[in-house]
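Colleague: I would like to go through this model with you. May I start with the backbone and then move on to the packing?
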Amino acid sequence: MPLEPAVDLPSRSRLRVEIAIVLGLSLGASAVYSLVSIVNRLTQPTSLSQQTATLNSSLSDRAVFDLVYQVLAVVVDLVPVALVAYLLWQGRRPHLARLGVDFSRTGRDVLGGLGLALAIGIPGIGLYLVGKALDLTVTVVPTDLGEHWWTVPVLVLSALRAGLTEEVIVVAYLFARLTDLRWRPWTIIVAAALLRGTYHLYQGFGAFVGNVVMGLVFGWLYARFGRILPLVVAHVVMDSAVFIGYPWAAATFPAFFGLPS
């Protein structure tokens, strides 16, 4: 089970330093930037619901370089995932058991992830709309990429990046290392969920609440079953649906998304 402490552990102080470095290279840094961002938003004269946050922005006005920059950004953002895989690699099979990686039930894990995406994604849309109505959430623009042959593949890669980074680091890695530090399961679940909510705070308080709830559900599922693949699949499916389906939906129902017609 991935929640069991490893046999030969670094000292507690080294574990704390390791966690700080991993988070500082990844979603911990995102949480700090997100806190600064929400303070910036709240101190502007424009209300939250009238502000926007773009998730996938163009990185160059030249299509070929935009593609290169997009792919490089995905690769660089996945380096911390490779780092935690290296840190928790075990000599015996399955090598990444402490990260909940086990492909013995892939089909069942994928189906479970698809069901979880529906269970989390549909209420998430409702929460977003409520947050907009209460002026607690900014207008989220999932992408402003132009229409190129590579747009959809890049958006899928972006969704894969988010799914792997968030679920492997915030759920699997933190569960493994905080368990090594003798944290209780529910303490880990709550701490990881709060971290998830914090690095989404730049989108507003509705996004914070929604992602904390999602984190609690995902954390409980991981503690219960010890498998990360269903969580990654669910996350990738939800983000892919938003990133790819948004341009059509926003153009068809602009008022529904709080955009000008």
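Colleague: Is Arg182 buried or exposed?

Modeller: This is a predicted model. Arg182 is exposed, because its relative accessible area is 61% and the cut-off for exposed is over 50%.

Colleague: Where is Arg182 found?

Modeller: Arg182 is in the loop between helix H6 (151-180) and helix H7 (185-198). Its phi is positive, at about 70°, although Arg182 is not a glycine.

Colleague: What is the phi of Asp135, and where does Asp135 lie?

Modeller: The phi of Asp135 is near 60°, a positive value in a residue other than glycine. Asp135 lies in the loop between H5 and strand E2 (139-143). With a relative accessible area of 31%, Asp135 is partly exposed.

Colleague: Now the peptide bonds. Which form, cis or trans, has the bond from Arg93 to Pro94?

Modeller: That bond, from Arg93 to Pro94, is cis, with omega near -10°. Most peptide bonds are trans. Pro94 is found in the loop between helix H4 (79-87) and helix H5 (106-133).

Colleague: Turning to the packing, how many residues has the largest nonpolar core?

Modeller: The largest nonpolar core has 47 residues, and Leu99, Tyr173 and Phe218 are those with the most contacts inside it. Helix H1 (12-24), helix H2 (27-42), H4, H5, H6, H7, helix H8 (205-225) and helix H9 (229-252) each supply at least two residues of this core.

Colleague: Which helix gives the largest share of this core?

Modeller: The largest share comes from H6, with 13 residues.

Colleague: And which residues does Tyr173 touch?

Modeller: Leaving aside residues up to four places away in sequence, Tyr173 touches Glu18, Ile19, Val22, Val84, Leu88, Leu99 and Val168. Another core, of seven residues, lies apart from the largest one. Among its residues are Leu48, Val138, Val140 and Leu201.

Colleague: Let us finish with the surface. Which residues make the nonpolar patch of about 540 Å²?

Modeller: Leu59, Val64, Phe65, Val68, Tyr69 and Leu72 make that nonpolar surface patch.

Notes. Residues numbered from 1 in each chain as written. Predicted model: local features only at pLDDT ≥ 70, side-chain atom pairs only at ≥ 80, totals over all residues. Heavy atoms only, no water. Patch = residues over 30% accessible without salt bridge, like charges linked within 9 Å, V, L, I, M, F, W, Y side chains within 5 Å. Areas by Shrake-Rupley, 256 points an atom, 1.4 Å probe, with all protein chains shown as cover. Salt bridge = Lys/Arg side-chain N within 4 Å of Asp/Glu carboxyl O. Helix = DSSP H or I, 4+ residues; strand = E, 2+ residues; numbered from the N terminus. Buried < 20%, exposed > 50% of the residue type's maximum accessible area, 1.4 Å probe, protein only. Core = buried A, V, L, I, M, F, W, Y, C linked by side-chain atoms within 4.5 Å. Contact = heavy atoms within 4.5 Å.
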